Amino acid sequence: MEIFKKGVVYDFMGKRIPFLGLSVLLVIASIGLLVTKGLNFGIDFAGGTIVQVKYEQKAPIDKIREVLNDTQYKGSSITEFGSPDEVVIRITGTSSNLATDIGDEMHKLLDSTGNFEVRRVDMVGPKVGGELREKGLMAMGLSLLIILIYVSFRFEWRFAIASILALAHDVIIALGAISLFNVEVNLDILAAILTILGYSLNDTIIVFDRIREGVQTSKETILNKVVNESVSKTLSRTTLTSLTTFFVVITLFLFGGEIIHGFAFTMLVGVIVGTYSSIFIAASFLVQLKFSIANFRAKEAEKQKRQKEKDKLRAMYEQGTV
């Protein structure tokens, strides 16, 4: 299925400077948010306790806060969870007495606020949270390193650097959006970030594969023209893939409920930014890195020459002439 007219070449590289400028602004703004506002780490990474409470009527949030302010749970965050009759109480730190059931304790403390049931109690120690945060960052760093090695072997080092820059661009902007909208960062968000890495890399590799094919088969010697032709050929495929994913993720975001809201939001931002970077940014980085068509073709010709010599020697060996 073709969304865009087949054979039409769009001048993406002619407009690469404005798009690169936009990306630089978004990245700087995202880094600024991460430095000044930071990320809202959930209990998975910061440690603490979450108590999910469902009332038979609308939850009296102000009264719950007033009751807890007179206890050891003063300063707890109390927010609506999906519906007006359900709330989540986030408590910094964990119960000092492991023999005490915090669910039972909440039942006693909040007894005067109405009829309710405690639906969930999650508890993570600060040490475990720190370890999860450290391992999460390590997983992301290792992913980028392995991607760099893989793309270097499959293509050429400039392709690898360009792909890593594009992936870093996508992740930084996604983290900036998470910080801007104060999305709670937990293991689900980490999973979404790693999914964005894979999704964006897949799109970028397909574009780079077509660029390499264009360099090998086209008689064109100007890189910008080869890139324009290659990206234009993949445009329908990239758009269809992105729209399919977008509709699934927007459905999860709108109707999936509070539990996966953060995951769906992160994926939504990642799909949009990943598609944008695959079309407008990744190839622009390749041009900025001064990729040479002449040098690439000379290396490919040398590889083919060596392969032919190997095939010739193998044939002579099999015929018994060597």
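Helices here are DSSP runs of H or I of at least four residues, numbered from the N terminus. The model shown in every view is predicted.

**View 1. His169 in helix α6.** His169 is found in α6, which spans residues 157-180. Its relative accessibility is 5%, under the 20% cut-off, so His169 counts as buried. The side chains of His169 and Ser23 are joined by a polar contact of 3.0 Å. Beyond residues up to four places away in sequence, His169 touches Ser23, Val27, Val273, Tyr276, Ser277 and Ile281.

View 2. Helix α1 covers residues 16-36, 21 residues in length. From first C-alpha to last it reaches 30 Å, close to the 30 Å expected at 1.5 Å a residue. An α-helix has 3.6 residues a turn, so residues three or four places apart point the same way.

View 3. Gly38 follows α1. The phi of Gly38 is positive, near 75 degrees.

**View 4. The largest pocket.** The largest pocket holds about 620 Å³ of space. It is lined by 26 residues. Closest to the pocket centre are Arg90, Glu184, Asn186, Glu258 and Ile259. Helices that give two or more residues to the lining are α2 (43-46), α7 (187-217) and α9. Strands that do so are β3 (77-81), β4 (83-91) and β5 (116-124).

**View 5. Met106 in helix α4.** Met106 lies in α4, residues 102-109. At 0% relative accessibility, Met106 counts as buried. Leaving aside neighbours within four places in sequence, Met106 is in contact with Val51, Leu68, Tyr73, Ile89, Ile91 and Phe116. Met106 and Ile43 are 63 residues apart in sequence. Their C-alpha atoms are 18 Å apart in space.

Definitions and conventions. Residues numbered from 1 in each chain as written. Predicted model: local features only at pLDDT ≥ 70, side-chain atom pairs only at ≥ 80, totals over all residues. Heavy atoms only, no water. Buried < 20%, exposed > 50% of the residue type's maximum accessible area, 1.4 Å probe, protein only. Polar contact = N/O pair within 3.5 Å; in protein donor to acceptor, adjacent residues only side chain to side chain. Contact = heavy atoms within 4.5 Å. Expected span 1.5 Å × (residues − 1). 1 Å grid on protein atoms, 1.4 Å probe; cavity = no way out; pocket = protein on both sides within 12 Å on 5 of 7 lines; lining within 4 Å. Points joined across faces, edges and corners; volume = space filled by probe spheres on them.
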